[in-house]
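Hello,

Here is the structure I promised to pass on to you. Please open it alongside this message, and I will go through what turned up in it.

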Amino acid sequence: MELPFSESYKIKMVETIKKSVRAEREQWIREAGYNLFRLKSDQVFIDLLTDSGTGAMSDKQWSEIMVGDESYAGASSFYKMKDAISDILGFEYFLPTHQGRAAENVLFSTLIHEGDLIPGNSHFDTTKGHIEFRKAFAVDCTIDEAFDTTVQHPFKGNVDIDKLEKVLKEHSGKIPFIIITVTCNSSGGQPVSIENLKKVRQVADRYGKLVVFDSARFAENAYFIKLREPGYRDHSIREIVREMFSLADAMTMSSKKDAIVNMGGFIAMRDHQLYTKASVFNIMFEGYVTYGGMSGRDMNALARGLYEGTEFDYLESRIRQVEYLGQRLQEYGIPVQQPIGGHAVFVDAKRFLPNLPKEQFQAQTLAIELYLEAGVRGVEIGALMADRDPVTRQNRYPELELMRLAIPRRVYTNNHMEVVATALKNIWDRRHSINRGFVITEEAPIMRHFTITLAQA
Ligand code: F0G
């Protein structure tokens, strides 16, 4: 008999998580203004809010913590990180930052001016926030297939080259760079193919534009290329990663994802002039160029994490767990973004709760239902997160209204996934009785979903 698949690690340390009863959760979510970000973590049983900074570091990473060099300038930990970035990603220059959005802040301060357009596949919310904060515009050029959760496509993160060309043709003078998010979080943790990255590179070269990768989940992207793109089956993950990044001029990185650390980020680039310009902002916002908001110990763990995060066996364990949850949901008939993404399962809330008007926030309503059902915390990737249009101040209703169940790396077992799947099935069975959503009572002008207060409609 063929042996079943299992994880490529065993557990050395555990952390207790707390169960609760529905009456407690009803009170807690009310007190949190029906905003899952405002819950205390011990009010949550299984936390699938994010896979960012929530992974379990390995014994080797923890041992790196002990030997970090905390020198202000020129720490050996900086050079360890520099060597890992050069070895795995192939960039000569880099600046550490405290996390991914800080990398965006520094790089965008260097490159973006008011009125600019930044085309790419679907921008992540902090990326879009940092663009719009500078009175510039994020232009989504993702392929149309990505916006229909029922369509099977191996690379739903791909850029529609015609859409990209059109923006470049019409606004070339106002476009400082193209940004490609690998994997594309907003479209459902969906990968971008090497073929597509090459085409983007060709277009960029024709118009003389930089290409920047938003790289939080670059290794998961490489895993999908290995499995799905013709010609890559026999390539190692690291070979694919090198080929991907050979097509970029610069990258921003939230190391809290595929470098499997709890905090950290960086910008990497080829051009010394860009490095010099960005260094000024890094020193102002983050810290001196050899630590940029990170402790030496954290840079050590990050360097090690880049190696562990690009091992095939680890990636297979991780992505197959996400797929496991996705398959369970599909067996119950629950509508999810297909194919299942790398870091999360995205439940299609429009199709889950079709009776609820979009003005009552379907994905948020579903996420609250799931929390009440089993203490499982997911997150809304829909109209709340989409914010208001910066010009008209009208609510934006994106094509995809999703509840994301993001799986932390090396943290939960498949038994936890079973709990999540069963809880959602219970809600699915009574979905027709859910006909009351939520309205906004208080919101911030930008990135409102983090702090918003809601009331029952
Ligand atoms: N880019 C992408 C694609 C991301 O998913 C994130 C964060 C960032 C940039 C910003 O990085 O959090 O380190 O500042 N995504 C998290 C999430 C928060 O839950 O998807 P950060």
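This is a predicted model: local features need pLDDT of at least 70, side-chain atom pairs count only at pLDDT 80 or more; totals for chains, interfaces and linings use all residues.

T183 sits in the loop that runs between β5 (177-181) and α7 (194-207).

P339 belongs to the loop between α12 (312-331) and β9 (344-348).

While you are looking at the backbone, have a look at K135 too. K135 is not a glycine, yet its phi is positive, at about 55°. You will find K135 in the loop between α5 (125-133) and β4 (137-140). I point these places out because most residues other than glycine have a negative phi, and most peptide bonds are trans.

Now to the ligand. How many residues surround the ligand? There are 16, and the closest are T50, R101, S254, K257 and R404. Sorted by class, this shell has 8 polar, 7 charged and 1 nonpolar residues. Helix α4 (residues 100-111) supplies the largest share of the shell, with 3 residues.

- S254: an N or O atom of its side chain is 2.6 Å from an oxygen atom of the ligand.
- R217: a polar side-chain atom lies 2.9 Å from an oxygen atom of the ligand.
- K257: an N or O atom of its side chain is 2.9 Å from a nitrogen atom of the ligand.

On its own, the ligand has 470 Å² of accessible area, and the protein covers 94% of that.

One helix pair is also worth a look. Helix α3 (residues 76-89) packs with helix α9 (residues 237-245) at an angle of about 90°, and their axes are 8 Å apart. Angles of 65 to 115 degrees count as roughly perpendicular, so α3 and α9 are roughly perpendicular to each other. On the α3 side the contact is made by S86, D87, I88 and L89, and on the α9 side by R238, V241, R242 and F245. By class, this contact of α3 with α9 has 4 nonpolar, 3 charged and 1 polar residues.

Happy browsing, and do write back with any questions.

Best wishes

Technical notes. Residues are numbered from 1 along each chain as its sequence is written. Side-chain values use heavy atoms; hydrogens and water are left out. A residue is near a molecule or strand if one of its heavy atoms lies within 4 Å of it. A polar contact is a pair of N or O atoms within 3.5 Å; within protein, one must be able to donate a hydrogen and the other to accept it, and residues adjacent in sequence count only if both atoms are side-chain atoms. Accessible areas come from the Shrake-Rupley method with a 1.4 Å probe; for residues, only the protein chains shown count as cover. Helices (H or I, at least four residues) and strands (E, at least two) are DSSP runs, numbered from the N terminus. Ala, Val, Leu, Ile, Met, Phe, Trp, Tyr, Cys and Pro count as nonpolar, Asp, Glu, Lys and Arg as charged, and the others, Gly among them, as polar. Axes are lines fitted to C-alpha atoms, for helices over the stretch in contact, and angles run from 0 to 180 degrees between N-to-C directions. Angles under 35 degrees count as roughly parallel, over 145 as roughly antiparallel, 65 to 115 as roughly perpendicular and the rest as oblique. Contact means heavy atoms within 4.5 Å.
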